Amino acid sequence: QLQLVESGGGLVQPGGSLRLSCAASGFTLSYYTIGWFRQAPGKEREGVSCIRPSGSTNYADSVKDRFTISRDNAKNTVYLQMNSLKPEDTAVYYCTILNYKCDTVLGSSWGQGTQVIVSS
């Protein structure tokens, strides 16, 4: 069974950092384009970042220069390092499989996500 499980969220003060993990089971994650999305209360889900099998990455303008996506092939896991966090980064964060252009979600369902709360 193909599965992606998010973890690593929590409560952090503005300016702080968190590292989210997206662990894959049932398939080799490095063969696919993986993306991080987030959904804040009352807002639509939005794309945050993606990483392709080649290692090339995309970022939303709102997180560029603050967030870094990476992949550990040995652990079959994609990470999202989030620095200089802002209250507007508060959301539930999800990972999923995307197409190579990072503009289409290929996963058939969403996981539980991991909650990030940025607050003093």
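**Entry 1: aromatic pairs.** I started with Phe27 and found it buried, with a relative accessible area of 11%. Keep in mind that this is a predicted model. Phe27 pairs with Tyr32: the ring centres are 5.3 Å apart and the planes stand at 85°, so I noted the pair as edge-to-face. Tyr32 has 35% relative accessibility, so I put it down as partly exposed.

I then moved to Phe37 and Trp110, also an edge-to-face pair, with 5.3 Å centre to centre and 75° between the planes. Phe37 sits in strand β4 and Trp110 in the loop between β9 and β10, so this pair ties together parts 73 residues apart in sequence. Phe37 is buried at 13% relative accessibility, while Trp110 is partly exposed at 33%. Which residues form one aromatic cluster? I got Phe37, Tyr94 and Trp110. My search of the whole structure gave 3 aromatic pairs.

**Entry 2: disulfides.** How many disulfides does the structure hold? I found 2. One joins Cys22 to Cys95, with 2.1 Å from S to S. I read 85° about the S-S bond, and this link of Cys22 and Cys95 is right-handed. It connects distant parts of the chain, as Cys22 is in strand β3 and Cys95 in strand β9, 73 residues apart. I checked burial too: Cys22 is buried at 0% relative accessibility, and Cys95 is buried at 4%.

The other disulfide is formed by Cys50 and Cys102, whose sulfur atoms are 2.0 Å apart. The link of Cys50 and Cys102 is right-handed, with 100° about the S-S bond. Cys50 lies in strand β5 and Cys102 in the loop between β9 and β10, so parts 52 residues apart in sequence are tied together. Buried or exposed, I asked of Cys102? Its relative accessible area is 17%, and since buried means under 20%, Cys102 counts as buried. Cys50 is buried as well, at 3%. With the bonded cysteines numbered in sequence order, I wrote the pairing down as 1-3, 2-4.

**Entry 3: the core.** Next I looked up the largest nonpolar core, which has 26 residues. Which of them touch the most other members? My list reads Trp36, Leu80, Met82 and Tyr93. The elements that give two or more residues to this core include β3 (18-25), β4 (33-39), β8 (77-82) and β9 (91-98).

**Entry 4: a sheet.** I traced an open sheet of 4 strands in the order β1-β3-β8-β7, with antiparallel pairing. β1 (3-7) and β7 are at the edges with a single partner strand each, so one side of each has no neighbour in the sheet. From one strand to the next, the twist averages 15°. Between β7 and β8 I noted 6 bridges. As for Thr68, its bridge partner in β8 is Gln81.

Entry 5: I finished with Ser30, which is placed in the loop between β3 and β4. Ser30 counts as buried at 17% relative accessibility. What does Ser30 touch, not counting residues up to four places away in sequence? I listed Pro53, Arg71, Asn73 and Asn76.

Key
Residues are numbered from 1 along each chain as its sequence is written. This is a predicted model: local features need pLDDT of at least 70, side-chain atom pairs count only at pLDDT 80 or more; totals for chains, interfaces and linings use all residues. Side-chain values use heavy atoms; hydrogens and water are left out. A nonpolar core is a set of buried Ala, Val, Leu, Ile, Met, Phe, Trp, Tyr and Cys residues joined through side-chain atoms within 4.5 Å. Buried means under 20% relative accessible area, exposed over 50%, partly exposed in between (1.4 Å probe, protein chains only). Contact means heavy atoms within 4.5 Å. Two strands pair if DSSP finds at least two bridges between them. Axes are lines fitted to C-alpha atoms, for helices over the stretch in contact, and angles run from 0 to 180 degrees between N-to-C directions. A disulfide is a pair of cysteine sulfur atoms within 2.5 Å. Rings of Phe, Tyr and Trp (its six-membered ring) pair if their centres lie within 6.5 Å; planes under 30 degrees apart count as stacked, over 60 as edge-to-face and the rest as tilted.
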